[in-house]
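Please read it alongside the sequence and the coordinates.

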Amino acid sequence: MIQDAFDGILGQPQVRDYLRSALTADRITHAYLFTGPSGSNKTQAAFAFAQALICPKGAKGPRGGACGDCNGCSRAKRRVHPDVRFYAPEGASAYLVEQIRDIVADVSLAPIQAKRKIYILDRADLMNVSAANAFLKTLEEPPPNVVFILLGRTRESVLPTIASRCQTVPFRHIPPTEAAGIVSQNTGADAALSRVAIEACSGSITRAIGFIREKGNARIHFRQELMARLSRLDRMDDWQVLQLARTLVEGSKALVDQVRVSLEAELEENRDLFERSVIRQIEARNKRQLSLKTSEYLHQCVAILKSWLRDVMAVAAGTPELIINEDFRADIVRVGGGLSVARLGAALRRMEEAEGALDYNVSPETCLDAILFQMREVLNGPGHPCEPSL
Ligand SMILES: [Zn+2]
């Protein structure tokens, strides 16, 4: 079956049909705002739309969308097309004004390979008033060959001055069981593994597919190892807990090294196409991508920890049929029997707070230490020496 770019928009049929017909009817506007909860596939849809917009066969390709297999499509699909740019906030919790000025300056340059330039801006809800002010004029009247795709959680979370200049495209929340079904369809993995992958990736279909397809099943093995260790967490001494946290952090460093190699290879592939100033920008972007990867990996660790603890909680609540990590059922049932649901719930909330700290440059090791010690404490039940009063 021929796959066009829009077939890559999974779980969002309305969005897919809307964007496909906008392209075939040649009704492309210069700015879109994709809104939807995390895990609703906005980023992936933005890259798919970008691919359709830059494919030289355009609306005349098969099935009225982009062709999916020319050089432009292939680069866009691998997210290395020089005319498809992706930005995320560089500040701890917001876009920096300088970053927006860089984007604005870049917009006025001609495209490198395609007829259009596409700018994907993640977390448009993190654009504050001063960043927005630096952006408004360009967002309102960009050069005719530029398309902006802004991503945000809700329309209301984005400044009205920004939202009112964009065509809103709402994404729906995809329930986990449906998301797992889509993952299963796209990877051939069975239902249980697909559900586990969705859990480990905090509901994101795209990341769950990557989780399953990763070379050598690296992620799948990583999850299994982590789960096996968690089965022993209640009996670990302090040193073993610290060691587990350290192993997780080292895993992130290994992953980042891997990603660094592939980013450098991509830069080489495009180097002859770019001016020196653009190469500097790409190098800066790569650096940001590395820190994004680290944070993604750490969040994945925490997602796996949380998923395990939720299963333990299901056992404690007398609903073991809700266990998601089926392959560790026996251990989870052993650990969860007789624990207090309220205490587990409180631990889960504290974990979420600690996880939030990961995004604010707190040392990941400190965060994971805190999370694992909290987990062990609640697993050991009342009467543990470090018992806090709840
Ligand atoms: Zn193409």
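Valine 183 touches Ala189, Ser194, Ala197, Ile198, Ile205, Ala208, Ile209 and Ile212, residues up to four places away in sequence being left out; two residues are in contact if their C-beta atoms, placed from the backbone, lie within 7 Å. The model is predicted: local features require pLDDT of at least 70 and side-chain atom pairs count only at pLDDT 80 or more, whereas totals for chains, interfaces and linings use all residues. Residues are numbered from 1 along each chain as its sequence is written.

**Nonpolar core**

- The largest nonpolar core has 105 residues, and those that touch the most other members are Ala50, Phe148, Ile149, Leu150, Val183, Ala197 and Val312.
- Such a core is a set of buried Ala, Val, Leu, Ile, Met, Phe, Trp, Tyr and Cys residues joined through C-beta atoms within 7 Å.
- A residue is buried if 20 or more other C-beta atoms lie within 10 Å of its own, exposed if 12 or fewer, and partly exposed in between, with C-beta atoms placed from the backbone.

- Helices (H or I, at least four residues) and strands (E, at least two) are DSSP runs, numbered from the N terminus.
- The twelve residues of helix H7 (residues 176–187) should span 16 Å at 1.5 Å a residue, and the end C-alpha atoms of H7 are 16 Å apart, which agrees; the expected span is 1.5 Å times one less than the number of residues.
- Ala179, Ala180, Val183 and Ser184 are the buried residues in H7.
- These residues lie on the same side of H7, because they cover an arc of only 140 degrees around the axis, the arc being that of the directions from the helix axis to the C-beta atoms.
- The cover over the buried residues of H7 includes helix H8 (191–200) and helix H9 (205–213).

- H9 is largely enclosed by the rest of the structure, because seven of its nine residues are buried.
- The buried residues in H9 are Ile205, Thr206, Arg207, Ala208, Ile209, Phe211 and Ile212.
- Packing against the buried residues of H9 are helix H2 (42–54), H7, H8 and helix H10 (218–230).
- H2, with 13 residues, reaches 18 Å from its first C-alpha to its last, close to the 18 Å expected at 1.5 Å a residue.
- Twelve of the 13 residues of H2 are buried, and H2 is thus mostly covered; among them are Lys42, Phe47, Phe49, Ala50 and Gln51.

**Domains**

- Domain 1 (5–170), domain 2 (176–213) and domain 3 (214–379) divide the protein chain, with bounds that come from an automatic or database domain assignment.
- The C-alpha centres of domain 1 and domain 2 are 25 Å apart.
- Nine residues of domain 2 are in contact with seven residues of domain 1.
- The side of domain 1 that touches domain 2 has one nonpolar, six polar and no charged residues; Ala, Val, Leu, Ile, Met, Phe, Trp, Tyr, Cys and Pro count as nonpolar, Asp, Glu, Lys and Arg as charged, and the others, Gly among them, as polar.

- Most residues other than glycine have a negative phi.
- Aspartate 26 has a positive phi, near 60 degrees, and lies in the loop between helix H1 (13–24) and strand E1 (31–35).
- Aspartate 26 counts as exposed because it has 8 C-beta neighbours inside 10 Å.
- Asparagine 217 has a positive phi of about 55 degrees and is placed in the loop between H9 and H10.
- With 13 C-beta neighbours inside 10 Å, asparagine 217 counts as partly exposed.

**Alanine 316**

- Alanine 316 lies in helix H12 and is buried, with 21 other C-beta atoms within 10 Å.
- Apart from neighbours within four places in sequence, alanine 316 is in contact with Gly336, Leu339, Ser340, Val341 and Leu344.
- Alanine 316 and arginine 229 are 87 residues apart along the chain, and their C-alpha atoms are separated by 20 Å.
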